[in-house]
Amino acid sequence: MTETATTTTTGLVPDDLVTEDLVTEIEALGAKLSEAKSSITRRFIGQETVVDLVLSAMLCGGHALLLGLPGLGKTRLVDTLSTVMGLKGARVQFTPDLMPADILGSEVLETAADGSRAFRFIEGPVFCQLLLADEINRASPRTQSALLQAMQEKSVTIAGQPHDLEAPFHVLATQNPLEQEGTYPLPEAQLDRFLVQVDVAYPDRDTERDILIATTGAMEEEAHAVFTAEELIKAQALLRKMPVGEQVVEMILDLVRACRPHEPEATPAINASVAWGPGPRAAQALMLTIRARALLDGRLAPSPEDVIAMAKPVLIHRMALTFAARARGEDLASIIDTVAATLSENRSAA
């Protein structure tokens, strides 16, 4: 650990709540996360930023959307995470003919030995702790929406009866680029349920060489369990106790409000190119993910630099370009980077 918690405790967390016990717990969790990352990279080589973002989502108790071309290891990463984090995993391969009942489960009519009949609920794959929704945008919007209640409420309703899901519950969904054939855009309401969007790019040459050697031999490295489900729940609770300074809180508010068109804080580029911006859920996501980033980096409290770093993963799927901006060939990633860089420069100059 490289920082003291007392440097950023004004505003959100009073000084008297930052105890030695809290510091010790955060340091111990940081060491355990380092071990988890080491275990993950045995099977998922390189892509450190991708691993950090997915781990951040899980530490925050949220869901992650992995966007990238097929064959980049997204499914392998999720499978490895279920082992390392000690969670009961399940996988759903989304296809155009997939129905909501294939995810949630359904009631079947059974006949007993005495001739009596009764309905019995058969749980679907959503009744797990880590659900891999593979190629989620290849299914119809009707099927995609079947996950909405599960992702937000951590429960599902079948035939009018609620069924709670086992804690912790995370959805890690992979999505193919919309330019590919046979894909459906995810509804905006469902996109907002994902804490972060993780862009999985092609590996660099050295990383691809390591992948080639490690995965084509007689033996492959295996990941090992580092966390249990109960330990992950405790880690999620501890994360929310991390102190966040007033300066960082103001940075979050400045960033989110600057990305909303026609707000007083909005930049001319936002007003000209963005149809709608992020809501309060985006600010909540930033408040949580910057803590996770600091924790993964071995620090006791987040800084304004964490806000800048998490801007694009948290905001990009919660915004939309206008038709004119799309016609001009603009992209949200560049706009968010520009807004974040401007805020950072203004704060440094102040």
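## The model and its confidence

Residues are numbered from 1 along each chain as its sequence is written. Because the model is predicted, local features need a pLDDT of at least 70 and side-chain atom pairs count only at pLDDT 80 or more, while totals for chains, interfaces and linings use all residues, and side-chain values use heavy atoms, with hydrogens and water left out.

The pLDDT, which is the predictor's confidence in each residue on a scale from 0 to 100, averages 85 over the protein, and 93% of the residues score at least 70. Over residues 1–11, however, pLDDT stays under 50, and for this stretch the model has 29 contacts (heavy atoms within 4.5 Å) beyond four places in sequence. Where pLDDT is low, the predicted coordinates should not be read in detail.

## The sheet

Helices (H or I, at least four residues) and strands (E, at least two) are DSSP runs, numbered from the N terminus, and two strands pair if DSSP finds at least two bridges between them. An open sheet of 5 strands has the order E2-E5-E8-E1-E9, with parallel pairing. Strand E2 (89–93) and strand E9 stand at the edges, each with a single partner strand, so one side of each is left without a neighbour in the sheet. From one strand to the next, the twist averages 20 degrees. Helix H3 (residues 74–84) packs on this sheet, where it touches E1, E2, strand E5 (130–134) and E8, and the direction of H3 makes about 170 degrees with that of E5.

Strand E1 (residues 64–67) is joined by 4 bridges to strand E8 (residues 170–175), and the two run parallel; here Leu65 stands opposite Ala173 in E8. Another 4 bridges join E1 to strand E9 (residues 196–199), again in parallel, and the bridge partner of Leu67 in E9 is Asp199.

## Helix pairs that cross obliquely

In what follows, axes are lines fitted to C-alpha atoms, for helices over the stretch in contact, and angles run from 0 to 180 degrees between N-to-C directions. Angles under 35 degrees count as roughly parallel, over 145 as roughly antiparallel, 65 to 115 as roughly perpendicular and the rest as oblique. A crossing is left-handed if the near helix is turned anticlockwise from the far one by less than a right angle, and right-handed if clockwise.

Helix H2 (residues 48–59) and helix H12 (residues 280–296) pack at about 120 degrees with their axes 9 Å apart, and are therefore oblique to each other, in a right-handed crossing. Asp52, Leu55, Ser56 and Leu59 of H2 make the contact with Ala292, Arg293, Leu295 and Leu296 of H12. The axes of helix H1 (residues 20–40) and helix H9 (residues 229–239) come within 11 Å and cross at roughly 130 degrees, so these helices are also oblique, but H1 passes H9 in a left-handed crossing. Their contact is made by Leu22, Glu25, Ile26, Leu29 and Lys32 of H1 and Glu231, Ala235 and Leu238 of H9.

## Helices H10 and H13

Helix H10 (residues 246–258) and helix H13 (residues 304–315) pack at an angle of about 30 degrees, with their axes 10 Å apart, and their crossing is right-handed. Gln247, Val248, Met251, Ile252 and Leu255 in H10 meet Pro304, Val307, Ile308, Ala311 and Leu315 in H13.
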